[in-house]
Amino acid sequence: MNLHPIIVHFPVALLFLYSVCELIRFRVINRQSYWFYLKAILVIVGTASTSLALETGETAAKLLTEPNALVRIHSNFAEATFWIFTILSIAYAVAWINQLFPAFFRDRLSFVGRAVLNLSSFVLSGPIVVTLS
């Protein structure tokens, strides 16, 4: 049984509502305390349900005897959508955790930030030294 047409509409609706919420830029609405949480819930739940839609889509594609180019394009757009909204979901989750526990990332990112800075300076200085010599 092909569940993909039934399941795919839930994440599409949630991510569409999230996108509309991002486009609404009225100060009265943006200042509301619930606005951030509403957008965060829409994008996080929408992205989580997108993974289920991807799985059912792959199952539906396997049911086809010969997948055509349209199915491949549909699959590529679905995966791109998943990864774009996954990045947004992670950003909202980090911001939400940072609001709940302000010291959580400050203490951890100081070490990680120094490590990334040292690694990037090492990687970037290598080509500079080679070209100067």
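T50 counts as buried because its relative accessibility is 9%, where buried means under 20% relative accessible area and exposed over 50%, with partly exposed in between (1.4 Å probe, protein chains only). The model is predicted: local features need pLDDT of at least 70 and side-chain atom pairs count only at pLDDT 80 or more, while totals for chains, interfaces and linings use all residues. Residues are numbered from 1 along each chain as its sequence is written, and side-chain values use heavy atoms, with hydrogens and water left out.

T50 belongs to helix 4; helices are DSSP runs (H or I, at least four residues) numbered from the N terminus. Apart from its neighbours within four places in sequence, T50 is in contact with P11, L15 and F82, contact meaning heavy atoms within 4.5 Å.

P11 and L15 are buried residues of helix 2, as are L14, Y18 and C21. Seen down the helix 2 axis, the buried residues fall within an arc of 115°, so they line one face; the arc is taken from the directions from the helix axis to the C-beta atoms. On the other side of helix 2, H9, F16 and L23 are exposed. The buried residues of helix 2 pack against helix 1 (4–7), helix 4 (33–63) and helix 5 (69–100).

Where helix 2 meets helix 5, L15, Y18, S19 and E22 of helix 2 face T81, F85, L88 and Y92 of helix 5 in contact.

Technical notes
Helix = DSSP H or I, 4+ residues; strand = E, 2+ residues; numbered from the N terminus.
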